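Student: Could you walk me through this model, one question at a time? I would like each answer to end on the value or name I ask for.

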Amino acid sequence: MIHLTDPDARAVHGTTYVLVRPDQHVAWRGSVLPDGGARAVLDRVRGRTRSGTAAEALGPVPAQRVL
């Protein structure tokens, strides 16, 4: 987990926090960490949670915009 303090880096990623996989794929990004911090983010991207399912941890899926 990287906390982006450089304004140029924030502009590239469009946020404050970024989790980048070793293959340079952005696995997660956000402007605030969820409850539980970086560990909670790692649990989410690995499909694990301390209780419940990964889907419950991620919350509802946002409605898709229809054009």
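What follows is a set of questions and answers about this structure.

Tutor: Happy to. This is a predicted model, where local features need pLDDT of at least 70 and side-chain atom pairs count only at pLDDT 80 or more, while totals for chains, interfaces and linings use all residues. Residues are numbered from 1 along each chain as its sequence is written, and side-chain values use heavy atoms, with hydrogens and water left out.

Student: In what order do the elements of the protein run from the N terminus on?
Tutor: Helices (H or I, at least four residues) and strands (E, at least two) are DSSP runs, numbered from the N terminus. By that rule the protein has 3 helices and 3 strands. Their order is β-α-β-β-α-α.

Student: What percentage of the residues in the protein is buried?
Tutor: Buried means under 20% relative accessible area, exposed over 50%, and partly exposed in between, with a 1.4 Å probe and protein chains only. The protein has 67 residues, and the buried share of them is 19%.

Student: Which strands are included in what covers the buried residues of α2?
Tutor: Helix α2 spans residues 37-45, and its buried residues are G37, A40, V41 and D43. They lie on the same side of α2 because they cover an arc of only 160° around the axis, the arc being that of the directions from the helix axis to the C-beta atoms. Their cover includes β2 (17-20) and β3 (26-30).

Student: Over how many bridges do β2 and β3 pair?
Tutor: Two strands pair if DSSP finds at least two bridges between them. The pairing of β2 and β3 is antiparallel, and the number of bridges is 4.

Student: Is W28 buried or exposed?
Tutor: W28 is found in strand β3. At 15% relative accessibility, W28 counts as buried.

Student: What is the phi of Q24?
Tutor: Most residues other than glycine have a negative phi. Q24 is in the loop between β2 and β3, and the hairpin of these strands has 5 residues between them. At 62% relative accessibility, Q24 counts as exposed. Its phi is positive, in a residue other than glycine, with a value near 75°.

Student: Which residue forms a salt bridge with R21?
Tutor: Side chains of opposite charge can pair when their charged atoms come close. A salt bridge here is a side-chain nitrogen of Lys or Arg within 4 Å of a carboxyl oxygen of Asp or Glu, and the count comes to 2. R21 is partly exposed, with a relative accessible area of 38%. The closest N and O atoms are 2.6 Å apart, and the partner of R21 is D23.

Student: How far apart are the closest N and O atoms in the salt bridge of R46 with D43?
Tutor: D43 counts as buried, at 11% relative accessibility, and belongs to helix α2. In its salt bridge with R46, the closest N and O atoms are separated by 2.9 Å.

Student: How far apart are the C-alpha atoms of L33 and T16?
Tutor: L33 is found in the loop between β3 and α2. This residue is partly exposed, with a relative accessible area of 33%. L33 and T16 are 17 residues apart along the chain, and their C-alpha atoms are separated by 9.4 Å.

Definitions and conventions:
Contact = heavy atoms within 4.5 Å.
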